[in-house]
Amino acid sequence: MTSHIQTIIDPPEDGHFRNGVATDGLIPSPTTLSLNLAINGRDHALDVEPRVTLLDALRERLHLTGTKKGCDQGQCGACTVHVDGERVLACLTLAALVDGRTITTIEGLADEDGTLHAVQAAFLEQDAFQCGYCTPGQIMSAVACIREGHAGSDDEIREYMAGNLCRCGAYPNIVAAVRQAAQELR
Amino acid sequence: MRDFSYLRADNIEAARNAAALPGAMLLAGGTTLIDLAKCGVVEPATVIDISHIEGLNAIDVTADRALIGALAKMSHVADHAEVKSLFPAVSEALWQAASAQLRNMATIGGNLMQRTRCPYFRDPANFPACNKREPGSGCSAIGGVTRGHAVLGVSEACIATYPGDLAVALVAFDAEVDLGERRLKVEDFFLAPGATAEQEHDIRPGEVITAIEIPGSAAARRSTYIKVRDRQSYEFAAASAAVGLELEGDGRTVRDIRVALGGVATKPWRARAVEDALKGKALDEATIREASELAMQGAVDHGANHYKIALAPRVIARAILKLGETA
C-alpha cells in the first residue's frame with residue numbers, strides 16, 4: 001500500500017479512503033470515508049464523516065442500539081464493545097480506526113438460536129441490574145474480564161469491572177453474576 | 001466535535017512527515033485525542049491514524065532493559081510476565097490507571113502525551129482563561145477550586161497536575177523515550193509550565209514517539225507503585241509514588257533507592273532529595289518518614305490542595321516500608 005501521506009499532496013484516484021484534498025495547500029478538507037465494519041459476523045459498508053465514533057455508527061447508522069450512550073466521554077462504560085476480542089469504549093473509538101477489525105456488540109453475544117451467553121444468563125439469575133441501561137456495557141465488559149483471567153476473586157472483579165458505572169448501585173449483584181459466570185466458564 | 005480530515009499512515013516515515021503538517025495530530029488509541037476533541041479543547045485539521053503501523057507494538061524485556069513499542073497497549077504491558085517480574089512498579093502503575101477498556105485502547109506512546117485533567121483546561125466554553133490552551137489568557141484554576149491541583153513544579157501561569165501513572169514509574173527508573181533522531185530521558189521529555197504552560201513535552205513537529213526503554217536494575221526488580229485516591233479504583237491519584245529499593249547484603253542498608261511522585265506535581269516528579277537522604281542509611285520507620293518529608297521542599301499550595309503536602313510523604317513512606325518488608 002502506498003503511503004497515505006502522498007494522498008495529502010497527490011491524492012490517488014481510488015485510494016482506500018476517498019479523501020478530498022484541497023489543492024491550494026497541504027491541509028486536506030473534511031470529507032467522507034468509506035468503511036467496512038465487520039460487526040457480529042456481518043460486514044457493513046458505511047460512508048461516514050471522519051469524526052463519527054463507532055458508538056454513533058452503531059446506533060445511528062446501523063440501528064444496533066443495544067450499545068448504550070451514557071456519558072459519551074469515556075467515563076461510564078455503557079458503550080463497551082469488543083474489537084478483535086478486547087473490550088473498548090465505542091464512544092472514544094473513531095469508526096475509521098476499526099475499519100477492517102472484528103467488532104462484537106451485545107447483539108452478537110447470544111447464540112443464533114437465542115440461547116443466552118453464560119454471562120447474560122448469570123445477570124438474569126443474579127438480578128444484576130435495576131434500570132438496565134448500563135447492563136449491555138456491564139455484560140460486554142464482564143465477558144472480556146472473565147476471558148482475560150481477571151475474575152479470580154471478588155476484589156479482582158471489582159477492580160477490573162471498575163470502568164462500568166451503575167447509577168442504580170447494583171454492584172453486589174453484578175459481582176455475584178460475574179463470579180457465577182466465571183465459575184461456569186472455567 | 002468539529003470535523004477533520006482523516007489520513008492513515010502505514011509506516012513511521014509517513015507518520016513523521018504527517019506530524020510535521022500544520023494542524024495535524026496523531027491518533028493512536030484515541031483516549032485523549034477524541035475526548036479532548038469532544039470537549040472542544042483540541043480542534044485538529046487533520047488526524048493521522050498511526051494505529052495500523054506494524055511492528056510498533058512489540059514488548060521485549062530482558063534483565064538488562066525493557067523495550068516497549070509506542071503502540072503497545074497499556075493492558076498488554078501491564079499483564080506482560082517479564083514486566084511484572086522485572087519491573088513490577090511499571091505493571092502496577094499501568095493496571096491502576098484508567099479502566100480495563102481504556103487500557104485496551106490507550107498506547108504507551110499516547111500515554112506519554114496524555115493531557116492534564118484540570119477541569120478548567122477541559123472546559124473552554126465556561127473558562128476561556130487557560131495558559132495551556134491560550135498562552136497569555138491567564139489561569140482559571142488559581143483562585144478557583146484547586147483540590148486536585150499540583151503543589152510541586154507550579155508557576156504563576158499554571159498549576160495543572162500531570163495526571164498519569166506510567167510516566168511516574170518511568171521517571172523513577174531513568175527510562176528514555178525514542179523520538180527517532182533524538183532520545184530523551186522521560187524526565188526531560190516532560191516540561192514544567194514555567195511561563196510557557198502550553199509546552200508540556202519536548203517534542204518537535206515531525207517527531208513521533210516510537211518506543212520507550214527502561215534500564216533494568218535491582219531497584220526496578222524490587223519496586224512498587226502506590227496510588228492513593230478518592231475511590232479505590234478508576235480515579236486519578238491524589239498522590240502516588242513509584243519506589244524502587246536495593247539493599248546491601250545486610251538486608252537493611254540502602255544501596256540504591258528511586259522515588260518519583262504522581263498526582264502532586266505538574267510533571268512526573270523525581271524526588272532525589274528523598275533518595276539522597278536514604279542512600280547508605282539503615283532503614284527504619286523514623287528515618288524513612290523523615291526523609292520522605294524532603295519530597296515536599298518547595299511545595300506551594302493553593303488552599304484546597306494543601307492536604308497533598310501532608311499526604312505525599314506518607315505515600316512515599318508506605319511504599320518504602322512495603323518494599324522493606326518484602327526483603
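These are my notebook entries on two chains of a predicted model.

**Ground rules.** I number residues from 1 along each chain as its sequence is written, and chains are lettered from A and ligands numbered from 1 in the order in which they are written. As the model is predicted, local features need pLDDT of at least 70 and side-chain atom pairs count only at pLDDT 80 or more, while totals for chains, interfaces and linings use all residues.

**Entry 1: confidence in chain A.** I looked up pLDDT, the predictor's confidence in each residue on a scale from 0 to 100. Chain A averages 88, and 84% of its residues score at least 70. Residues 1-27 of chain A stay under 50, and the model has 47 contacts beyond four places in sequence for them. I count a contact when the C-beta atoms of two residues, placed from the backbone, lie within 7 Å.

Entry 2: The assignment, automatic or from a database, gives domain 1 (32-108) and domain 2 (118-185). At their interface, 14 residues of domain 1 of chain A are in contact with eleven of domain 2. On the domain 1 side, β3 (80-83) and β4 of chain A give two or more residues, and β3(A) has the largest share, three residues. My labels are DSSP runs numbered from the N terminus: helices are H or I of at least four residues, strands are E of at least two.

**Entry 3: where chain A meets chain B.** I see 38 residues of chain A in contact with 35 of chain B. On the chain A side, α1 (5-9), β4 (86-89), α4 (135-148) and α5 (154-160) each supply at least two residues. Which element gives the most to that side? My answer is β4(A), with four residues.

**Entry 4: a helix pair in chain B.** I checked α12 (residues 285-293) and α13 (residues 307-325) of chain B, which pack at about 140 degrees with axes 8 Å apart. The axes are lines fitted to C-alpha atoms over the stretch in contact, and angles run from 0 to 180 degrees between N-to-C directions. That makes α12(B) oblique to α13(B), since angles under 35 degrees count as roughly parallel, over 145 as roughly antiparallel, 65 to 115 as roughly perpendicular and the rest as oblique. Among the contact residues I noted B:Ile288 and B:Arg289 of α12(B), and B:Ile316 and B:Leu321 of α13(B).
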